[in-house]
Structures are given as C-alpha cells and as structure tokens.
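Subject: Model for your files

Dear colleague,

Please find the structure below. My notes on the fold, the sheet and the surface follow.

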Amino acid sequence: MTQLFSKDSVFVSNADSKEAVLTEVSEALVKAGYVKDNFLEHVLDREKNYPTALSLSNISETYPNVAVPHTEPEFVNTTKIVPVKLTNPIVFQNMSSPHKDLPVEFLFVILNGTKATQVHLLSDLIVFFEKQDKAELEKFFKLTDTDAIYEYLQANFKK
C-alpha cells in the first residue's frame, strides 16, 4: 500500500497544542491539494466530539501514545495516512475513555476518501503496530527526519 504515504505529507512538528499541530498540517495538506479548505474546521470539531488518542501500551510498554485525527470523506480529496512526529508531546483525549488525557508523541492523520476506508485504515495501523519488530518500531517512533519516517513506512507498512 505504498500510495498511502507521500514524501510531501510526512511532518515533524514543534507545535505545542493539538490546534497548532492540526493547523500546521492542514495548511500543508490544503496547499498540496489533499484536503479541502474546510478540513481543519471539521477535523478539530471531530476531535472535540470523538477523540482519537490511543495508548499502545497493550502492545508494548515502551511505545508512545499516538492519535489518529480524521474527519468525514467530503472534506478530503484523496486517501492517505499522514504521519506527524511531535517533538513535544501534546495532550489529546483518549479514544476509548474521552475524559482521559493522553500525551501523544506521534499522529497518523487519516485522510479517508470514502466512508469505508476510515475503519480499514485504522485497522491497518493497529496491525502495523502489532506486527512490527518491537525494537525497530521503537526506533521508528524516535525518528525526527521526514525522509527516514517515509522510508520506514514505505518499507514496513503492509496492507
């Protein structure tokens, strides 16, 4: 599934809030034509009502928490997964317990071109986290070079 990732949509962000990082990423995605102008508004709204942070501690205690922000297909132009390494952990709310805060170190923004792809992409991400060599995935989560992040995902993310 190599077309799920694009070199121009891999980010390392120094943002210090979910609004700031989602604004930064959304602006670049609009400029690249991957999402519509109103994407940011809708992804923030969805994040508020349906939080997306996931603890990966059930897979490995050494993995960071991640978030998978997304919104409805009508606000995107393509199907992609957009990886975003956060240099500063940012608090997102837990997907399964929305009242719980989780400091997140990596985002995988899902651009779902159709309703059906959202569940599949989320499932594919979980399988990716579960199937990777733990030591290698720990190294991946620490990467701060966009090319290295892209290359790892191209080589290791299998559908």
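Two strands are taken to pair if DSSP finds at least two bridges between them. Helices (H or I, at least four residues) and strands (E, at least two) are DSSP runs, numbered from the N terminus.

This is a predicted model, in which local features need pLDDT of at least 70 and side-chain atom pairs count only at pLDDT 80 or more, while totals for chains, interfaces and linings use all residues. Residues are numbered from 1 along each chain as its sequence is written, and side-chain values use heavy atoms, with hydrogens and water left out.

The sheet: 5 strands form an open sheet with mixed pairing, in the order E1-E4-E5-E3-E2. Strands E1 (11–13) and E2 (53–54) are at the edges with a single partner strand each, so one side of each has no neighbour in the sheet. E1 runs parallel to strand E4 (residues 80–93), and 3 bridges join the two. Val12 has Lys85 in E4 as its bridge partner.

The chain: the protein chain has 5 helices and 5 strands, in the sequence pattern β-α-α-β-β-β-β-α-α-α. Its radius of gyration (over C-alpha atoms) is 14 Å, close to the 15 Å that the globule rule (2.2 Å times the number of residues to the power 0.38) gives for 159 residues, so the chain is as compact as a globular protein of that length. The C-alpha atoms fill a box of roughly 40 × 35 × 30 Å along the principal axes.

Burial: of the 159 residues, 48% are buried, meaning under 20% relative accessible area (1.4 Å probe, protein chains only).

Regards

Key
Buried < 20%, exposed > 50% of the residue type's maximum accessible area, 1.4 Å probe, protein only.
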